[in-house]
Amino acid sequence: MKRYLLPLMMLPLLLPLNGCAPLLVGGAAATTVVVAQDRRTAGAILNDERIEIRVKDFISKDAELHEHTQVKATSYNGIVLLTGEVALPVMADRIVEFTRQETHVREVRNELLVAPQRDMAARRADIGLASRVRTRLFSDRDVKSNTVKITTYDGTVYLMGLITRAEAEQVVEATRGVSGVQRIVRMFEYVRPD
């Protein structure tokens with residue numbers, strides 16, 4: 001038990017790192033594979049996680065935003081996607097402005113809707129759709145599924161990742177065939193083939 005304590009205590013010290021070699025924490029095979037296949041640096045991965053946490057924390061600490069919004073922030077390589085519902089346009093503006101000012105944010109894609117908060121059934125449908133897309137991508141041998149981050153909202157599938165144009169076409173084609181997909185939004189950054 002004690003041998004795992006030191007690496008866990010070191011993790012907060014590694015959060016400020018940017019541009020370092022891939023970080024393999026924990027030793028779980030699945031985690032290692034995901035990190036090894038992700039084209040982002042370890043620092044970029046940690047920065048993305050930190051951005052998502054900071055936006056969620058900002059909303060939860062503001063009583064008005066917490067009560068009158070249902071927002072998800074998804075960050076990939078410093079590009080942040082905001083999805084969900086807000087009661088008033090000014091609330092969306094506050095969330096977008098906060099997100100833009102966060103360290104390591106390169107771009108904010110605002111997909112927030114001024115609308116009543118959706119019920120749990122609608123949110124569960126999003127989770128189910130994301131799960132079906134992930135399963136489809138994982139089962140397709142031609143697709144490097146661990147290089148793609150998936151967010152779903154009301155039948156729309158947002159695809160993020162650092163991938164080649166050929167990989168992007170494979171991902172989109174595989175996603176098209178999933179039941180419940182109404183629209184696909186590409187948010188890829190393209191890299192040259194290896």
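Accessible areas here come from the Shrake-Rupley method with a 1.4 Å probe, and for residues only the protein chains shown count as cover. With that in hand, the accessible surface of this protein is about 11400 Å². Carbon and sulfur atoms hold 57% of that surface.

A word on the source. This is a predicted model, where local features need pLDDT of at least 70, side-chain atom pairs count only at pLDDT 80 or more, and totals for chains, interfaces and linings use all residues. Residues are numbered from 1 along each chain as its sequence is written, and side-chain values use heavy atoms, with hydrogens and water left out.

Now the overall layout. Helices (H or I, at least four residues) and strands (E, at least two) are DSSP runs, numbered from the N terminus. The protein has 7 helices and 6 strands. Starting at the N terminus, the order is α-α-α-α-β-β-α-β-α-β-β-α-β.

How much of the protein is buried? Buried residues are 40% of the 194 residues. The cut-offs are these: buried is under 20% relative accessible area, exposed is over 50%, and partly exposed lies in between (1.4 Å probe, protein chains only).

Next, contacts, meaning heavy atoms within 4.5 Å. Take the contacts with a separation of 6 or more: 66% of them are between residues 24 or more positions apart.

On to salt bridges. Side chains of opposite charge can pair when their charged atoms come close. The rule used is a side-chain nitrogen of Lys or Arg within 4 Å of a carboxyl oxygen of Asp or Glu. By this rule there are 14 salt bridges.

In one, E167 meets R39, at 2.8 Å from N to O. What does this pair tie together? E167 sits in helix α7 (residues 165–176) and R39 in the loop between α2 (29–37) and α3, so the bridge links parts 128 residues apart in sequence. E167 is buried, at 11% relative accessible area. R39 is partly exposed, at 26%.

Another pairs R118 with E85, and their closest N and O atoms are 3.1 Å apart. R118 lies in the loop between β3 (107–114) and α6, and E85 lies in strand β2, so this pair ties together parts that are 33 residues apart in sequence.

E173 and R176 form a salt bridge at 3.0 Å, N to O. Both lie in helix α7, 3 residues apart, about one turn of the helix. E173 is partly exposed, at 49% relative accessibility. Elsewhere, salt bridges that share partners join D38, R40 and D48 into one network.

Now for empty space. Rolling a probe the size of a water molecule over the atoms shows where empty space is left. The search runs on a 1 Å grid over the protein atoms alone. A cavity is a set of points where a 1.4 Å probe fits but cannot get out. A pocket is an open set with protein on both sides within 12 Å along at least five of seven lines. Lining residues have an atom within 4 Å of a point. Grid points are joined across faces, edges and corners, and a volume is the space filled by probe spheres set on the points.

Look at the second largest pocket. Its volume is about 430 Å³. It has 20 lining residues, and Q70, V71, K72, T83 and R123 lie nearest its centre. Which elements each supply at least two lining residues? They are α3 (42–61), β1 (69–76), β2 (79–86), α6 (120–139) and β4 (148–153). Helix α6 gives the most, with 5 residues. By class, the lining has 7 nonpolar, 5 polar and 8 charged residues. For the classes, Ala, Val, Leu, Ile, Met, Phe, Trp, Tyr, Cys and Pro are nonpolar, Asp, Glu, Lys and Arg are charged, and the others, Gly among them, are polar.

There is 1 cavity of 30 Å³ or more. The largest cavity is lined by Y76, I79, M160, G161, M187 and E189. Strands β5 (156–163) and β6 (183–190) are the elements that give two or more residues to that lining.

Last stop, G78. This residue is in the loop between β1 and β2. G78 is buried, at 3% relative accessibility. Leaving out residues up to four places away in sequence, G78 touches D48, H104, V105, R106 and E107.
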